[in-house]
Amino acid sequence: GHLALAPTTIVDPLTTLGAFSGFLDGTSLRGTLDSRFDFETGSNRGLEGDLRFGIADGSIDLPDPLTKITGLAGRGSVKLPSADDTPVSWEAEGTLRSLMMDSSAALGFPLTHTGEFLESPATFALSGTTGEKPTTTGKITHLSLAGEQHGESVTFQESSLQFLHSDDTLTAEGRTTFGGNEIPFTYRRNNKELPDGKSTVTSEVHIPTIRLGTPLTNLGAFSKAAAGLSLSGQVGARVTFQSGPDDALPTTLDFSLADGTLTLPDDGPTLSGITVHFLTPDVKTLHTDQAEPFYIADLTYGDLSFTKITGHYQIRPDRGLTVSRFQSSFLDGRLNVDPFTYPDDDQADFRMNLRFVGIDLRTLTRLFPSFDGRLEGTIDGDLPIVRKKGTYLPERGGIQLSKQGAARLRYNADSLFTDGLKPGSGEYKRMKIAEDSLKDMRIPILTGRLFDPAEPGKAAVIRIEGQSSNIADAPPIHLNFNFFEPKGEF
């Protein structure tokens, strides 16, 4: 015989789907349902049947309140065997128009499959068996999830995954496209029953190390600090979610970047060859429990280049960034920075101290194309930088020759001092000797004051003392150079 149910709208949700699979425990279904049950039975055989059903305009409420599915349509069947020791098998397939996932705890904003993706509904196919060891397998394709925060949008396009649910464990693997990059991932969720009847759930998403062929430019959706950044390189990540009997536990994030390139907005510097590891026990605070090392092969900003940058960083619970053991190759010397903490508030005051060691004067003077001389030697120095009320300002610093020896200046100073003087006069002769001395002058003393408040408006006051060893009776030469501050913010 058969039993048939005409299309009927379900007012009170069906809550018994868990009878077919533990994967569906706690799930409730609404929508318009039709079904037909064909069966056979007899005096010496058990009931055997085939239940076929369809669902239209359906919605599913999952036990996880963070996910909601609507616009469900599909068909399926349940096969009831006559033998008691044979498990019941079932299958279903169809489409869904809308899926909302409240991913605020992990990303800071929800993800939805709806709106612009209505013309391309996601598809699903499920099958499973009941019994002592029920299993469920499934496949989801054409799922695109979109979200928006801080004025920037993100889309995980054409996502697909295959999964298996057995013994309270769900495992899945799939792929998605983000920012033009195809990203594989795996997912694992485990339910653990506690002695008091309650349970804990642990979920993990893992992205293996991949190379971003297309730079990511919408990272500002995840953090305001990343607005306008461009990132490429080899990345990998692991996100772990945990919930206890009463409350959700912090979500952890383990992220790594190798051979990365980061470009800052507004013609900011470009960092390349980045290697860094980031591990936070709570994505809400993004703090790290300990200092982690970082390496940057090159940082270029205008004509300046910093190479082989190393150091350690740590993010505080208040999101302040502490940097320590910072050092870099700079102008064929070294740049070291004393430990400092950069506050999360861009208006908060802070201070950092730069220390220069062995800066090559010849390399330094190449930054000034108008200087057609040659200056050899190395200098050391320091320069504090402060931020007050959101404005960066330098404080008094200084430079001096390195301990390893004097500097040397070669400069064609013809007519620099004698221009306008009468040839043959005493003053002309004295100035001529000074000009000739600058063509090859040994400099045992070179000192400078940087941004000295006693010299308002001046970026640097440099004093050079030297004497030529190639000119007989050459007098000592004392030179003072004033470099004036540029207009606008430092």
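Visitor: Leaving aside its neighbours within four places in sequence, which residues is E182 in contact with?
Guide: In this predicted model, E182 belongs to strand β11, which covers residues 181-193. One partner is also joined to E182 through the side chains, by a polar contact of 2.9 Å, and that partner is R175. With neighbours up to four places away set aside, the contacts of E182 are R175, T176, T177 and I210.

Visitor: How far apart in space are E182 and R211, C-alpha to C-alpha?
Guide: Strand β11 holds E182. In sequence, 29 residues separate E182 from R211. From C-alpha to C-alpha, the distance between E182 and R211 is 9.6 Å.

Visitor: What is the average pLDDT of the chain, and which element has the lowest mean?
Guide: The chain averages a pLDDT of 89, and 96% of the residues score at least 70. Among the elements, strand β19 (residues 333-337) has the highest mean, 97. The lowest mean, 71, is that of helix α1 (residues 104-107).

Visitor: How many aromatic pairs does the structure hold, and why is the pair of Y342 and F350 classed as it is?
Guide: The structure holds 10 aromatic pairs. The ring centres of Y342 and F350 are 5.0 Å apart and their planes stand at 70°. Planes over 60 degrees apart count as edge-to-face, so the pair of Y342 and F350 is edge-to-face.

Visitor: Is F350 buried or exposed?
Guide: The ring partner of F350 is Y342, and Y342 is partly exposed at a relative accessible area of 31%. For F350 the relative accessibility is 8%. Buried means under 20%, so F350 counts as buried.

Visitor: Which residue lies over the face of Y342?
Guide: Y342 is partly exposed, with a relative accessible area of 31%. A residue lies over the face of Y342 at 4.9 Å from the ring centre, and that residue is R387.

Visitor: What angle lies between the planes of F371 and Y411?
Guide: F371 is partly exposed at a relative accessible area of 30%, and Y411 is partly exposed at 22%. Their rings form a stacked pair, 5.5 Å from centre to centre, and the angle between the planes is 10°.

Visitor: Which parts does the pair of F371 and Y411 tie together?
Guide: The two rings form a stacked aromatic pair. F371 and Y411 lie in separate loops, so the pair ties together parts that are 40 residues apart in sequence. These parts are the loop between α2 (361-365) and β22 (374-376), and the loop between β26 (407-410) and α3 (426-438).

Visitor: Which residues do ring pairs link into a cluster?
Guide: The structure holds 10 aromatic pairs. Ring pairs link one cluster made of F109, F156, F178 and F222.

Visitor: Which residues are linked in a network of salt bridges?
Guide: A salt bridge of 3.7 Å, N to O, joins the side chains of D436 and K439. The network of salt bridges links R396, R449, D452, E455 and K458.

Visitor: Which side chain makes a polar contact with the side chain of E465?
Guide: E465 is found in strand β28, residues 458-467. Not counting residues up to four places away in sequence, E465 touches R442, I443, P444, I445, I477 and H478. The polar contact, at 2.8 Å, is with the side chain of R463.

Visitor: What is the phi of D267, a residue other than glycine?
Guide: D267 is placed in the loop between β14 (248-263) and β15 (270-280). At 75% relative accessibility, D267 counts as exposed. Its phi is positive, near 60°.

Methods. Residues numbered from 1 in each chain as written. Predicted model: local features only at pLDDT ≥ 70, side-chain atom pairs only at ≥ 80, totals over all residues. Heavy atoms only, no water. Helix = DSSP H or I, 4+ residues; strand = E, 2+ residues; numbered from the N terminus. Contact = heavy atoms within 4.5 Å. Polar contact = N/O pair within 3.5 Å; in protein donor to acceptor, adjacent residues only side chain to side chain. Phe/Tyr/Trp six-rings, centres within 6.5 Å; stacked < 30°, edge-to-face > 60°. Buried < 20%, exposed > 50% of the residue type's maximum accessible area, 1.4 Å probe, protein only. Lys NZ or Arg CZ within 6 Å of the ring centre and 35° of its normal. Salt bridge = Lys/Arg side-chain N within 4 Å of Asp/Glu carboxyl O. pLDDT = per-residue confidence, 0-100.
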